[in-house]
Amino acid sequence: MGQKKILVKITDVVYVLGVLIVIYHLGLALFMGKVVPYPDAMLPYTYFDIATGRLAFGAIPMTLVSIALWRVNLLRQSKNKVRNLILVFLPAAICLLCMAFYGVLIVYMMISGYGLLFRQGMAMR
């Protein structure tokens, strides 16, 4: 077995595992989003917060694996290039949307925090 075939198989396995993880977390966020699994925790998060946070955390690795799958399997030379492009990069796009959501949320909270500081006069001691 050549190195190319081993690389293709490893990339395929890692991609399929990533897709299964994305599907699991999407199902968790959509169908059990308002359930709080650990209500006695110091910061009780819902399943929606947990799942979207994990998807955001896995955005970069999923994107890299999707790019590797696209290049290693030579999908750009296939007959249905647009369909394959959408299907291969859909899990990565979902993860990147979650990451963008949390990025925008952090920026919004920083701006609103600065507004709160300036409204109160930033008392320095």
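This is a predicted model: local features need pLDDT of at least 70, side-chain atom pairs count only at pLDDT 80 or more; totals for chains, interfaces and linings use all residues.

User: Which residues form a nonpolar patch on the surface here?

Analyst: Val13, Val16, Leu17, Leu20 and Ile23 do, with about 480 Å² of accessible area together. One of them, Leu17, lies in helix H1.

User: How do you know that the span of H1 agrees with what a helix of 29 residues should give?

Analyst: Take 1.5 Å times one less than the number of residues. For the 29 residues of H1 that comes to 42 Å, and the end C-alpha atoms are 42 Å apart, so the two agree.

User: Why does His25 count as buried?

Analyst: Buried means under 20% relative accessible area. His25 has 8%, so it counts as buried. His25 sits in H1, which runs over residues 3-31, and the buried residues of H1 also include Tyr15, Val22 and Leu28.

User: What does His25 touch, leaving out residues up to four places away in sequence?

Analyst: Ala51, Arg54 and Leu55.

User: How many aromatic pairs are there?

Analyst: Two, going by ring centres within 6.5 Å. Trp70 and Phe89 make one of them, at 6.0 Å centre to centre with 55° between the planes.

User: What makes the pair of Trp70 and Phe89 tilted?

Analyst: Under 30 degrees would be stacked and over 60 edge-to-face, with the rest tilted. The planes of Trp70 and Phe89 are 55° apart, so tilted is the label. Trp70 belongs to helix H3 (residues 59-72) and Phe89 to helix H4 (residues 81-120), so the pair ties together parts that are 19 residues apart in sequence. Trp70 is buried because its relative accessibility is 10%, while Phe89, with 23%, is partly exposed.

User: And why is the pair of Phe101 and Tyr102 called edge-to-face?

Analyst: Their planes are 70° apart and the cut-off is over 60, so edge-to-face it is. The rings are 5.1 Å centre to centre. Phe101 is partly exposed at 46%, and so is Tyr102 at 23%.

User: What is the phi of Leu74, and where does this residue lie?

Analyst: Leu74 has a positive phi of about 55°, although it is not a glycine. You'll find Leu74 in the loop between H3 and H4.

Note on methods:
Residues are numbered from 1 along each chain as its sequence is written. Side-chain values use heavy atoms; hydrogens and water are left out. Helices (H or I, at least four residues) and strands (E, at least two) are DSSP runs, numbered from the N terminus. Buried means under 20% relative accessible area, exposed over 50%, partly exposed in between (1.4 Å probe, protein chains only). Contact means heavy atoms within 4.5 Å. Patches are made of residues with over 30% relative accessible area and no salt bridge: like charges are joined within 9 Å, nonpolar side chains (Val, Leu, Ile, Met, Phe, Trp, Tyr) within 5 Å. Accessible areas come from the Shrake-Rupley method with a 1.4 Å probe; for residues, only the protein chains shown count as cover. A salt bridge is a side-chain nitrogen of Lys or Arg within 4 Å of a carboxyl oxygen of Asp or Glu.
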